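User: Please take a close look at one part of this model and describe how it sits against the rest of the chain. A plain, connected account is enough.

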Amino acid sequence: MFQNQQIPSVVVADLDDALLTEAFVLDVREPDEWDRGHIEGAKHIPLGELQERVGEVPLDQKVLCVCAVGGRSGMATQYLNQLGREAINLDGGMHAWQTSGRPVSTN
């Protein structure tokens with residue numbers, strides 16, 4: 001499923017509102033992690049389901065992949081880019097997001 005290659009990524013400090021506004025935010029964590037808090041407006045598809053649900057990821061929009069610290073979302077980023085999508089990994093994941101004081105949704 002995944003091959004070793006450079007993974008495009010962005011750290012929370014460099015994440016601008018323009019990217020957040022235009023990107024499809026994809027959270028690949030497990031359901032219990034999602035329930036504890038996620039980025040408002042994100043789509044939840046656990047990494048283990050991504051191959052079968054990849055049709056839910058838009059073809060014409062940048063995809064910002066998120067997990068707890070960046071490992072699983074890195075794999076998702078790599079996979080989506082191999083399929084021709086423009087995906088970027090959120091380096092540091094939700095841990096970095098919350099540490100930087102960004103808002104978290106539990107809806």
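Analyst: The buried residues of helix 4 are covered by elements that include strand 2, helix 3 (50–53), strand 4 and strand 5. This is a predicted model. The buried residues in helix 4 are Ser73, Gly74, Ala76, Thr77, Gln78, Tyr79 and Leu80. An α-helix has 3.6 residues a turn, so residues three or four places apart point the same way.

Helix 4 itself has twelve residues. From first C-alpha to last it reaches 17 Å, close to the 16 Å expected at 1.5 Å a residue. The helix lies across strand 2 (24–27), strand 4 and strand 5, and it runs at about 170° to strand 5. Just after helix 4 comes glycine 84, with a positive phi of about 95°.

The strands under discussion belong to an open sheet of five, in the order 1-5-4-2-3, with parallel pairing. Its edge strands are strand 1 (9–11) and strand 3 (43–44), each of which pairs on one side only. Strand 4 and strand 5 run parallel and are joined by three bridges. Within this pairing, leucine 64 has isoleucine 88 of strand 5 as its bridge partner.

Arginine 72 is also part of helix 4, which spans residues 71–82. Arginine 72 counts as partly exposed because its relative accessibility is 23%, and buried would require under 20%. Leaving aside residues up to four places away in sequence, arginine 72 touches Val28, Arg29, Glu30, Glu33, Leu47 and Cys67. Aspartate 16 is 56 residues from arginine 72 in sequence, and their C-alpha atoms are 22 Å apart in space.

The nonpolar packing comes next. In soluble globular proteins, nonpolar side chains tend to be buried together. The largest nonpolar core here has 16 residues, of which Leu15, Val25, Ile39, Leu64, Val66, Leu90 and Trp97 touch the most other members. Helix 1 (17–22), strand 4 (63–66), strand 5 (87–91) and helix 5 (93–99) are the elements that give two or more residues to this core.

Tryptophan 97, in the largest core, touches Val12, Leu15, Leu20, Ile39, Leu90, Arg102, Pro103 and Val104, not counting residues up to four places away in sequence.

Conventions: Residues numbered from 1 in each chain as written. Predicted model: local features only at pLDDT ≥ 70, side-chain atom pairs only at ≥ 80, totals over all residues. Heavy atoms only, no water. Helix = DSSP H or I, 4+ residues; strand = E, 2+ residues; numbered from the N terminus. Buried < 20%, exposed > 50% of the residue type's maximum accessible area, 1.4 Å probe, protein only. Contact = heavy atoms within 4.5 Å. Core = buried A, V, L, I, M, F, W, Y, C linked by side-chain atoms within 4.5 Å. Pairing = 2+ DSSP bridges. Axes fitted to C-alpha atoms, helices over the stretch in contact; angles between N-to-C directions. Expected span 1.5 Å × (residues − 1).
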